Amino acid sequence: MTPELVVFWLLSVLTVASAVMVVSTPHVVHAALWLVVTLGAVAGCFLVLTAEFVAWVQVLIYVGAVVVLLLFALMLTRSPASTTGATSRNRPVAAFAGFSTFGVLAVVLTSGFRGIVLDLDSQPDQLGGAAPPERIGDTRSVGEAIFTHWVLAFEVLSVILLAALIGAIVVSGRVRDRDRQEAAAGGGS
Amino acid sequence: MNEFIAPTVEYAELSPLLIVLGAAVVGVTLEAFLPRRGRHRIQVVFTLVALVAALLATGWVAAGLDEVEGASGRGLIAAEGAIAVDGPSVFMWGVLLVFSIISVMLFAERRIEGGVSAFAGQAAALPGTEAEREASRQGIEHTEVFPLVLFAIGGMLLFPASNDLLTMFIALEVLSLPLYLLCGLARRRRLISQEAAMKYFLLGAFSSAFFVYGIALVYGYAGSFTLADIHAAVDNNTGSTNLLLAGMGLIAVGLLFKVSAAPFHAWTPDVYQGAPTPVTGFMAACTKLAAFGALLRVFYVAFGGAQWDWRPMIWVVAALTMAIGAVVALTQSDIKRMLAYSSIAHAGFLLVGFAGAYGGDGITSLQSVLFYLAAYGFSTIGAFAVVMLVRDPGGEATHLSRWAGLGKTSPLVAGVFAFFMLAFAGIPLTSGFTSKWTVFSAAWAGGAWPLVLLAVGMSAVAAYFYVRVIVLMFFSDPVVDGPTVSVPSLFTSSALVVAVVATVVLGILPGPVLDLAQQAGAFVR
Amino acid sequence: MDLDLYVPILAIGVLGAAFAFFSLAASWLSGPRRYNRARLDSYECGIEPTPQPIGGGRFQVKYFITAMLFIVFDIEIIFLYPFAVAFDSLGWFGLIEMGLFILTLVAAFAYVWRRGGLEWD
């Protein structure tokens, strides 16, 4: 057992245990906080698997932003003090769905990847031709892959962000006072 | 460290896509800085100009496609392998842009609501409150719909042309996100509109998750996102078959959700009913086209070598989709829900074509499906445009009983609607007949004859409820104080004229468009 | 990749956790347990707590805009990070593409600004 493997196992156990807490705690805010632990532990797993950049994405986007949005969504729809609602009569069905998904994925993934060893020292690069083998997964090789092979996808991504922001304004925004004054001055246009 | 080589991006070949997405960003800027008065008019003109420019660019790209050596298709792989600009892509781009132009004309309609568009004045206002009434009194309206629909169109152009799964996923999100939003913006019946948006968003996000998990598993199998590499991996049988099967299944779930095939169709009736009617028409024609294009590309190009694994699945889904669509439509009493189930049934007929032959001398599955999508899109946008016109004081008169006797009070509108119904039913001399014919013959040639027999039977069931609407309109007495038929502006009337003419021409003289679909040839790897 | 780089980070994390644990344990062991009104009130850095809004403490929708803005710019930064790391080799092409990306988000920002999404009334 290498030290990396020990760390990986510890983090995996932490991931699974906190994920169980996410779905079993009756308090929704606690569930969101346990989710922070889960996602953080997953970030640690990525790090040990040499996917350095992905690990930091996980921390910044998921632990940082997504959980915040999740908490906001909870507090926009209910009082933070309320403890009800995280449990429902569908619990057995949900548990069944969760366990069967786990079973199927466990079989598929272990049968698919068992015994496959990626030799990081001689692995041909799979990120699009830019990175030499010793840099797989680090931030520089990801940066070069984004700006060569994935440049179009990258630009289109900005459009998703733009559309999302417009959506947020349209769904939640009020008509601004400036618009109101114009409307009052000119009637319908 | 090796030298960084700037990627080549074929801007000329990608120009339709770049025009639409660029115009969408400019549209947002216009939205930000233009005064409210006159914003609507400028947005409409700008959007239409951008779409026409993209259509012209598509024609120019289509004229310049080169033969690929050693393959049957024409075209090229652009943008470092992210996009395949080939015959089917360009054909779909052209048809999509034509549909989009018609849809945007319906979006722009303001006369039938008395000077405002069909979109909510203030989506954030609680339905039935003073704030909402005030917004509509002042004639405030969301003109953001035009940039949003441009975003959706950009995603739809990219979706069926994506040559790798990652680009395809991003395109899926670009096309879905604006649509979720547009569904929730109906001016009338705000609550079911919001419910539609919510339902579509949640289920859509769920299906996207399936799709992306499938991509991950297929990447694990093939070690690449590119469709050609996946094809090679399938041919060489490199990895674990379990991974491939699970990945294929999950990708199929994501795509079949978008084409509203059973058992992933549950969102369709609610969303089609709740969304503003121009948006429903747009979704029924354009989303279906884009999603079928992507479905065909992924399964023919990437998974073609594993077709004996996925073909039975498609058979079952096709049979289920036709049956549910046709049979459940019989029980509907709302015209928009009925059209939604009809669109599910048509997705089933399209899947029959998908299950057919994709090589050979005659018309291939791909070409027949492309033709069907083009023909169906015109009729469906037209049918929803008619639904926009038949109105009660509180909005559109969507309950079927309100349409009784419409043929006696407004023979022209009822006649046009009846014509679209006949086209849906597949009566000869309409586009519905020719398109069903091509799809079924492609499926027959591919040995899917049991499916074709079932499809013919389901067509008969479907014809029953289409004809029932016609009978209701022409052979029953008009309801007392029945709905009025609004006189639309030039936008809706010209959109309707285009839809009717296309449905007639594709029925009587399908040759040119069929040739065009056949010239589109095959996918390029 | 060399994970040795992360040993100091891990050490700081352990130190932080130990400090938090020690503080909590120390106050639990040594502190008096007097539950009065001030003790049970929400702690807002020593100032008087804002009264709970009507409706049982539900947030106003303007927080949602803030969260969305945060997410969008968070994602932008995520892309700036590999760009910055690989900047020396990406050259003008990378700069132009990044500029386009940011320009698109500036359009979003301008829209939010003109719609009053940045005002806090």
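1. Two residues count as in contact here if their C-beta atoms, placed from the backbone, lie within 7 Å. By that rule, 36 residues of chain A touch 47 residues of chain B.

2. Before going on: this is a predicted model, where local features need pLDDT of at least 70, side-chain atom pairs count only at pLDDT 80 or more, and totals for chains, interfaces and linings use all residues. Residues are numbered from 1 along each chain as its sequence is written, with chains lettered from A and ligands numbered from 1 in the order in which they are written.

3. Chain A has seven helices and zero strands (DSSP runs numbered from the N terminus: H or I of at least four residues for helices, E of at least two for strands). Of its 189 residues, 30% are buried, meaning that 20 or more other C-beta atoms lie within 10 Å of the residue's own.

4. Back to the side of chain A that touches chain B: H4 (91–113), H6 (151–172) and H7 (177–186) of chain A each supply at least two residues. H6(A) gives the largest share, 15 residues.

5. Over in chain B, have a look at H14 (365–389) and H16 (411–425), which pack at about 150° with axes 9 Å apart (axes are lines fitted to C-alpha atoms over the stretch in contact, and angles run from 0 to 180 degrees between N-to-C directions). That makes H14(B) roughly antiparallel to H16(B), the label for angles over 145 degrees.

6. Who meets whom? In H14(B), B:Ser379, B:Gly382, B:Ala383, B:Val386 and B:Leu389 meet residues of H16(B) including B:Phe417 and B:Phe420.

Key. A residue is buried if 20 or more other C-beta atoms lie within 10 Å of its own, exposed if 12 or fewer, and partly exposed in between; C-beta atoms are placed from the backbone. Angles under 35 degrees count as roughly parallel, over 145 as roughly antiparallel, 65 to 115 as roughly perpendicular and the rest as oblique.
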